[in-house]
Amino acid sequence: MVLKTRMIAVAAGVLSAAGLAGAASAADLGGGPRASAPEPYAYVSPLDTARWTGAYAGVSYGYADGLSAVSGNAGNFDLDQSGGIGAIYGGYNWQLGRIVLGLEGDIGTGNYDGSRGSGAGQISSELNALGSLRARAGILLSPAFLVYATGGFAWSDFDIKANGITQSDWISGYQLGAGTELNVTGPWTLRLEYLYTDLDSQTFTQAGVSNTFDPDFHTIRAGLSYKF
């Protein structure tokens, strides 16, 4: 009787041990609940500063509208002017995180002109050349889309015709504006910008007739750039 009791106890112990081992094996094989693994951290790509930093060059074309305030022997009036202006430009950008700073210069020409009758006969003004040297400062609304402001020195060469005589002269001033630029693919960007040009007054004297011209105008232009 004692032997039988001991055998039952041993059998019960073996079955109990086997049951525990089986439960552990099931848990290892996914049969039981396991603690969930922690979620990985989301990867955030750093800004690619090489995307905007560097030298670039491009071409632009736009429409300009404005006037020249005329005073002198021809009278006192505003000479309306308008026309297209094309230009080539180049510059350098520095990207600092989401901020882009740059320096840009351009030179162009077009058919920006105007004429009207006056006390000195027909008087006209025609743009021969226009250039500027401007700073740019902008912020990236996305890695590929830049919004910027710009401003700096501007110069021009105008033909003024009065009393049948044409005279050319340089007129300097300043230029302010704002724009957007989109990196469309690789090194290529497209831009759309507005520029206000305010030039100093200049006196022209032709055959004893003196008139002072004070030009200013607004330009909207589109451009295509290539970054080197």
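The model is a predicted one, in which local features need pLDDT of at least 70 and side-chain atom pairs count only at pLDDT 80 or more, while totals for chains, interfaces and linings use all residues. Residues are numbered from 1 along each chain as its sequence is written, and side-chain values use heavy atoms, with hydrogens and water left out.

**Strand pairing**

- Strands are DSSP runs of E with at least two residues, numbered from the N terminus, and two of them pair if DSSP finds at least two bridges between them.
- Strand β5 is joined to β6 through a hairpin of two residues, and a hairpin that also has two residues leads from β4 into β5.
- Between strand β4 (residues 113-118) and β5 there are six bridges, and the two run antiparallel; in this pairing, Ser115 stands opposite Ser124 of β5.
- Strand β3 (residues 99-110) runs antiparallel to β5 as well, joined to it by 10 bridges, and here Asp106 faces Ser132 of β5 as its opposite residue.
- In a regular strand the side chains alternate between the two faces of the sheet.

**Salt bridges**

- The structure holds nine salt bridges, the term being used for a side-chain nitrogen of Lys or Arg within 4 Å of a carboxyl oxygen of Asp or Glu.
- Asp106 forms one of them with Arg221, the closest N and O atoms being 2.8 Å apart, and this pair links distant parts of the chain, since Asp106 belongs to strand β3 and Arg221 to strand β10 (residues 209-227), 115 residues apart.
- Asp106 has a relative accessibility of 10% and therefore counts as buried, and Arg221 is buried too, at 8% relative accessible area (buried means under 20%, exposed over 50% and partly exposed in between, with a 1.4 Å probe and protein chains only).
- Arg136 and Glu181 form another salt bridge, with 3.1 Å between the closest N and O atoms; Arg136 lies in strand β5 and Glu181 in strand β7 (residues 165-185), so that distant parts of the chain, 45 residues apart, are linked.
- Both members of that pair, Arg136 and Glu181, are buried.
- Glu193 and Arg221 also meet through their side chains in a salt bridge, at 2.7 Å from N to O, and because Glu193 lies in strand β8 (residues 188-199) and Arg221 in β10, the pair ties together parts that are 28 residues apart in sequence.
- Salt bridges that share partners join Glu104, Asp106, Arg134, Arg136, Glu181, Arg191, Glu193 and Arg221 into one network.

**Surroundings of Glu193**

- Glu193 has a relative accessibility of 3% and so counts as buried.
- The side chain of Glu193 makes a polar contact of 2.6 Å with the side chain of Tyr148, and a polar contact of 2.7 Å joins the side chains of Glu193 and Arg221 (a polar contact is a pair of N or O atoms within 3.5 Å; within protein, one must be able to donate a hydrogen and the other to accept it, and residues adjacent in sequence count only if both atoms are side-chain atoms).
- When neighbours within four places in sequence are left aside, Glu193 is in contact (heavy atoms within 4.5 Å) with Tyr148, Ala178, Gly179, Thr219, Ile220 and Arg221.

**Aromatic rings**

- The count comes to eight aromatic pairs, where rings of Phe, Tyr and Trp (its six-membered ring) pair if their centres lie within 6.5 Å, and planes under 30 degrees apart count as stacked, over 60 as edge-to-face and the rest as tilted.
- Trp155 and Trp170 form a tilted pair, 5.3 Å centre to centre with 55° between the planes, which links strand β6 to strand β7 across 15 residues.
- Trp155 is partly exposed, at 22% relative accessible area, whereas Trp170 is exposed, at 55%.
- Tyr174 and Tyr196 form an edge-to-face pair, 6.4 Å centre to centre with 65° between the planes, and Tyr174 is partly exposed at 37% relative accessible area.
- Trp188, Tyr226 and Phe228 form one aromatic cluster.
- The charged end of Arg136 sits over the ring of Tyr148, 4.4 Å from its centre, and Arg116 lies over the face of Phe77 at 4.2 Å from the ring centre (NZ of Lys or CZ of Arg must be within 6 Å of the ring centre and within 35 degrees of the ring normal).

How values were computed: Helix = DSSP H or I, 4+ residues; strand = E, 2+ residues; numbered from the N terminus.
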